[in-house]
Amino acid sequence: MQSSRLPSHKATQLRGTKVSLAGADAVRNALVRALTGHVAALEEGGGLTIAEFAGLGIVVWEVRRDRAGTPRCQFWPAVPWSSLYIDGSSPSDQDLARLARSETGSGLVLVCSSPDGPYATDAFERLRAAHPQVPDFHYTAPLADVLRHVLAHDPLTRPYELVVLRHTRSGRLALEGCQLFPHGAGRGYRETLTIRCEATGGDGTVFAVFATEKARRFQLVSTESIDLAAGSYTITAELRGPGLVRFDGLPGPLREDSRSWAELVAAVPARLEVPRPAHLICAVEVSGTKDQVAERLSRIEQLIGAVADEAKDQTRISLISYGPHSFDRAVPDVPPAVLIWAGTSDETLFALKRLMDRGAVDIGYPRAAQLECVLGLIAGRLDDREGRPVVVTVGARPPSPRQVDPATEILPCPYRQDWRRAWHRLLEFPGISFGAIRDHGQDEEIWTSLGSGALAAVNAVNVRRFAGRLGLLSSAAQYVPFPLVETEGD
Amino acid sequence: VASEVPPEHGIAMWGAPSSGKTTFLAALNIALTRRDDGWKVVGTDEASAETLIGLTTALTRDRTFPLATQGIEHYRWQLVGRVARTIRRGRFRRERREEVIKIRLDLADARGELAAPDQASRGVRADLIDNLVRSRGIVFLFDPVREFTLGDAFDYTYGVLAQLAQRMVDSPEFSDGWLPHYVAVCVTKFDEIRVYETADKLDLLVTDLDDPYEFPRVADDQDARHLFARLCEVSRSGNADLVLNTLEQHFRPERIKYFVSSAIGFYVDPRAGVYDPADFQNLVPDPDDPGRPLIRGAVHPINVVEPMLWLGERLAEPGA
């Protein structure tokens, strides 16, 4: 059987009335009370059927709750009398019962909206006689209006909450629900709350409402968003009916957001990077072709430039160049070079310019570079006085292993440095983050680790976004999809 | 006193193309020079002497592997050394004295063996069989890395041995059905990770306390054979086990000895001066041509001299 949503008022204008206005109001009120009671009693899986005996035929309406507890109504197109009363014969009681869906086990209400129609009256009376316990009404005004009214005033069967982000004690962002409406709240219920929103650069702050259950299961009710300027907002949420929440206090209307829940959750950053002093350590591999090295250095220059534009006074910068170990007896091994340590952006750009003039070093041992020594060097030299460390590595090759590696057959580091050990030492620095810009190579474990905060290809990196993800710029560059709330005790 | 092993009883070096015969020869020269015990390789003519210098220089100075030399089978070298012999003096006296012996050294190349039987191939093949018929000692080189990637050792072995047997079928030395040669089977490229790891997993590695570099070795003949058999299991063609069987079917078991060798040996960090199991690879890619290996450190041949001396001593025995 074909089904569709609740019809518009015009689509259901098919009835006349013979009762007085006062009488009509009384019938309407009785019908509303009956339907309200039935809808309120609906549980998940249950349904309410309203069989309407209209001028053109039998129309069946069905109300069920969705998984969020919101009552939803649908109706089936009228089964015309002309298909039931043929050549003077009338349908059987069983046929009428089947058409009215009176045997489905759902609650049933009978409504005759065409008391002057002989077929409607006949069918209505026969079903009423068959189901004497079922409430029945003669109501000639549009039934859809009554149903809309009933559904809109149905009190919530589950509390509604707004999805927000909260800072945990460790500084991470946690998704939480902030209650808007309790169980039993009805249309017009209002709740005022203060939220903080970050600028979203066009992606929009998402106002996602969900219905909760005791077992903390939740179902999304609505997902809407609006592009807001960063700041605090005192908003009022008003329950317009089950599944309908209106937010006042925002500078414009919310629009429906088509992103999936998984997408939105994935966009939540691990922590909110508020601008605070950072120590950007750039390690750049200078082995490779001339063009490769020039492009890597160019990305470093852009990154430093972006940081200098926004957080010049809050960021110290170090620059390290490295290449391959020498395994040639005739060529001494040159360790990674610290070109500048915790300098200003101007000092670092000057050092970078000299490195650019020097260009690529000899290709040397082509299968690895001194990444393990670079990490060891940083771990040994770093302290937290210069700010939160942000290590950005730009290169391609894997590190030399600590010892013979049968899998890769890459020659071991002459100094037996172990990149994993150095990596774990670095992780002990509070707030440290890692970014990597790579121009080629396989998915080695080290590059996944070095790019754990931000990973980009050298020819397709958006340095502002890259820096934003590492918390190097103001938080404006960081997308925070949901409103933030502060909770007592934090 | 000098004696020369009969010219028809030399040592032939045999192995598939690119199995490392010329490198082995150069490494032999280096290793003998290091030992300083009187054994040496000499060229019997000017061209052979110069070629030997070139091969050795490539390994030591240029850190490269000698290129397969065109017509290498036409050069002539001799392994010259001293062996102790017991001489009978009269009815009861026996005297032990040193004798200088000279053993012809041939590089028998199997190139062209599988190619179409054109004139050039037939010539090379005939030279190879001639060398083997004339010799009584064979250094058979088995390259496990080549076998893993190409798997052609059996192809280069079986036909040659069948033809050798056919050529010697009427010889009195073949009357018992065995070919009369002594065979030193050398499993090469011990320094390569895959070979080393296999030996290590089989628990075959030992270290000689008298070795100043403390290099690992597969010292025992039977352990070497065990490693050879295990390496045959990863042959690309799956036929490498037939190499072992074919050799043992044609030569007397007591005249076959197995060695695990490396022409360049393991890397030794000059600062440490001893072998380091954490860093032993002695090959590095050439920066200008990463597909081409260069030798990383000093060359320390392993089990290159030993098979030669074993063969030399056997051939110097009366009646060999």
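**Ground rules.** I number residues from 1 along each chain as its sequence is written, letter chains from A and number ligands from 1 in the order in which they are written. Because the model is predicted, local features need pLDDT of at least 70, side-chain atom pairs count only at pLDDT 80 or more, and totals for chains, interfaces and linings use all residues, while side-chain values use heavy atoms, with hydrogens and water left out.

**Entry 1, chain A overall.** I looked up the elements and found eleven helices and 20 strands in chain A. Both kinds are DSSP runs numbered from the N terminus, helices being H or I with at least four residues and strands E with at least two. Of the 490 residues, 50% count as buried; buried means under 20% relative accessible area, exposed over 50%, and partly exposed in between, with a 1.4 Å probe and protein chains only. I also noted that 71% of the contacts with a separation of 6 or more join residues 24 or more positions apart. A contact means heavy atoms within 4.5 Å.

**Entry 2, the six-stranded sheet.** In what order do the six strands of this open sheet of chain A stand? I read S17-S16-S15-S18-S19-S20, with mixed pairing; two strands pair if DSSP finds at least two bridges between them. Strands S17 (337-343) and S20 (454-457) of chain A each have a single partner strand, so one side of each is left without a neighbour in the sheet. Neighbouring strands are turned by 10 degrees against each other on average, direction ignored. Axes here are lines fitted to C-alpha atoms, for helices over the stretch in contact, and angles run from 0 to 180 degrees between N-to-C directions.

Inside this sheet I followed S15 (residues 278-285) and S18 (residues 388-395) of chain A, which pair in the parallel sense over seven bridges. Cys282(A) has Val392(A) of S18(A) as its bridge partner. Helix H8 (residues 371-381) of chain A lies across S15, S16 (315-322), S17 and S18, and runs at about 145 degrees to S16(A).

**Entry 3, the three-stranded sheet.** Another open sheet of chain A has the order S9-S12-S13 and antiparallel pairing. Its edge strands, S9 (190-197) and S13 (244-248) of chain A, pair on one side only. The twist averages 35 degrees from one strand to the next. S12 (residues 231-241) of chain A and S13(A) are joined by five bridges, and Leu239(A) has Val245(A) as its bridge partner in S13(A).

At what angle do H1 (residues 21-35) and H2 (residues 46-60) of chain B cross? I found roughly 85 degrees, with the axes coming within 9 Å. That makes H1(B) roughly perpendicular to H2(B), on a scale where angles under 35 degrees count as roughly parallel, over 145 as roughly antiparallel, 65 to 115 as roughly perpendicular and the rest as oblique. Among the contact residues are Leu25(B) and Ile30(B) of H1(B) and Leu55(B) and Leu59(B) of H2(B).

Arg63(B) has a phi near 60 degrees, a positive value in a residue other than glycine. Arg63(B) sits in the loop between H2 and S4 (77-89) of chain B. Is Arg63(B) buried or exposed? It is buried, with a relative accessible area of 11%. Asn303(B) also is not a glycine and has a positive phi of about 50 degrees; its relative accessible area is 8%, which counts as buried.
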